[in-house]
Amino acid sequence: MCGFAGFTNTIDNSNRVLGEMMDKIRHRGPDSEGRYIDECIAMGFRRLSIIDITDSGDQPILNEDKSKVLFFNGEIYNYQDIRKELVEKGHIFTTNTDSEVLLHGYEEYGEKLLDRLRGMFAFVIWDKNTHELFGARDFFGIKPFYYTIANGNLIYASEIKAILAHPDVKKEVNPIALENYLTFQYSVLEETFFKGIFKLMPAHCFTFKDGKMDIKRYWEPVFEADHSKSLEEYVDEIDAAMQDSIKAHKVADVEVGSFLSSGVDSSYVAACFHGDKTFTVGFDYEKYNEIDYAKALSEKIKIDNYSKLISKKEYWDSIPTVQYHMDEPLADASAIALYFVTKTASEQVKTCMSGEGADELFGGYNIYREPHDLLPLTRLPRPIRKGLGAMAQKLPKMKGKNYLIRGSKDLQERFIGNAFMLNEAERERILKHPTGKYPHTALTKPFYDKAKDLDDVTKMQYIDIHFWLIGDILLKADKMSMANSLEVRVPFLDRVVFDVARKVPTEYKVNKENTKFAMRQAAHRYLPDMVAEKKKLGFPVPIRIWLREENYYNMVKEAFHSPAAEEFFKVDEIMKYLDEHKAGKADNSRKIWTIYMFLVWHKQFFG
């Protein structure tokens, strides 16, 4: 696990500039650093030692004739099998790392190597003979990769802040990213919040040569329900795949821990990973504290649990640090809690298992029950539904109003993923200079088109895999763990597990009894009923309560009157959200938080 940075077309002070870029991501790899510079490229690396923790695991790694150079961030869990295959073909290895498998694998198979990998990764390989840079990002987007092209040269890194250290990069806010962030709560476009800096999307690879960037997709998650198997057969397959994945994700030369909340996902992993330590955080509020759940389960499965009770002051004091490490604003309040649990874990271990991905693969979010709940309305002719929705809009706040409004909309209108903050009219009302680019349906439409033959629940999973999982769940997991020099591993997001999950029929995912139904049955084999059946909560954070307290209300109010707020927003409009919330007239907490997180982020990078 590490971070890397680099740029093509070296300059007079390449070594110094590269060093400044690497210093920006020192937290990703405090154990060592490595550099490669020739007349055409400068490449740097910061290492967190997990596999082959001796110096032989340092990067760069070169092939036998020194013609190819590798820098890699991630873990390849089936590297030993691929290595054996490559040795039989005559490749000579100089380290015991998983990294070197990528280099020789690319020599042998080229781009087709990606089809053989099992793991999380972002890597680049420089060919000194052809002056060609090849790079790739893993299947689900667990590891990040950012890039920009300036003056015909590629500048890339594991984090945007490293790219900003290059003298050819101009730092400028992308207003279109802001506008769409207000709807999605995260940076949803390929172009980031920094104008001209892009994400390489998951399951994509690229070749850069002669100033041209050629990007292509090498894998797609395809759902194809197989109704020929019974529930029990699927439960067996899910459990077998998860046991295999957890075993693969435990491969390390350092101790591996596990996060543990009260939910079934992390509990399932913790009960099966056969480690010694679990880690939990909570708040001093009854509904916002999972520590007691975690301690009780840890005692039952005979694992030590280390917990941290986050105070209000600690939480609020950490927000600027969290937004700095995020690189782009993220309005998910649980990111700060994740920062603290990774910090707690990093004091004991170097790598941790986590439960991300279970909801997207197995149908775990509560909103996935909505297609079933809305059936009485969605079965009505569309004009009647639309009429009922229009009438409901005019009604005062009352029970059933939101049900009628949501039922009047097609799935594509109402669902863009697990977060839907401000609609187009709302963001136009509060933005000083709205661009009007990309209504939410325009961004999700290409993915709905690809999923047009799937049922509504599976369509929602497909949308979440391409939006919410990438832009929120995995982004915060990587950035918060790396901020604390901790590697997070996600055994649910494994190709072997996905190959099972993609075939599970919807009735075994979401039904009247629960979400993630088949997966919960597998978890039952290791967990008490109370945990295996526990309703999905997310990571509870008492933002709604805090924003009504005088000191935090004033803190946000000050930000809402800052120069940045004046530049981007109509201050009177955003203050309405804050004042109505404090007065108890509405729960505007998530909308307030979305705006506030942007302003905190802006201060970190432009203040």
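**Loop residues and backbone geometry**

Leu 113 is buried, with a relative accessible area of 1%. The model is predicted. Leu 113 sits in the loop that runs between helix H3 (99-109) and strand E6 (119-127). Beyond its neighbours within four places in sequence, Leu 113 is in contact with Leu 102, Gly 105 and Tyr 106.

Backbone geometry was examined next. Most residues other than glycine have a negative phi, and most peptide bonds are trans. Asn 9 is not a glycine, yet has a positive phi of about 60°. Asn 9 belongs to the loop between strand E1 (2-8) and helix H1 (14-23). With a relative accessible area of 41%, Asn 9 is partly exposed, because values between 20% and 50% fall in that class.

Lys 302 also has a positive phi, near 60°, and is a residue other than glycine. The loop between helix H8 (291-300) and strand E15 (304-310) holds Lys 302. Its relative accessibility is 74%, so Lys 302 counts as exposed; the cut-off for that class is over 50%.

A cis peptide bond links Gln 59 to Pro 60. Omega for this bond is near 15°. Pro 60 is placed in the loop between strand E3 (41-47) and strand E4 (61-62).

Key. Residues are numbered from 1 along each chain as its sequence is written. This is a predicted model: local features need pLDDT of at least 70, side-chain atom pairs count only at pLDDT 80 or more; totals for chains, interfaces and linings use all residues. Side-chain values use heavy atoms; hydrogens and water are left out. Helices (H or I, at least four residues) and strands (E, at least two) are DSSP runs, numbered from the N terminus. Buried means under 20% relative accessible area, exposed over 50%, partly exposed in between (1.4 Å probe, protein chains only). Contact means heavy atoms within 4.5 Å.
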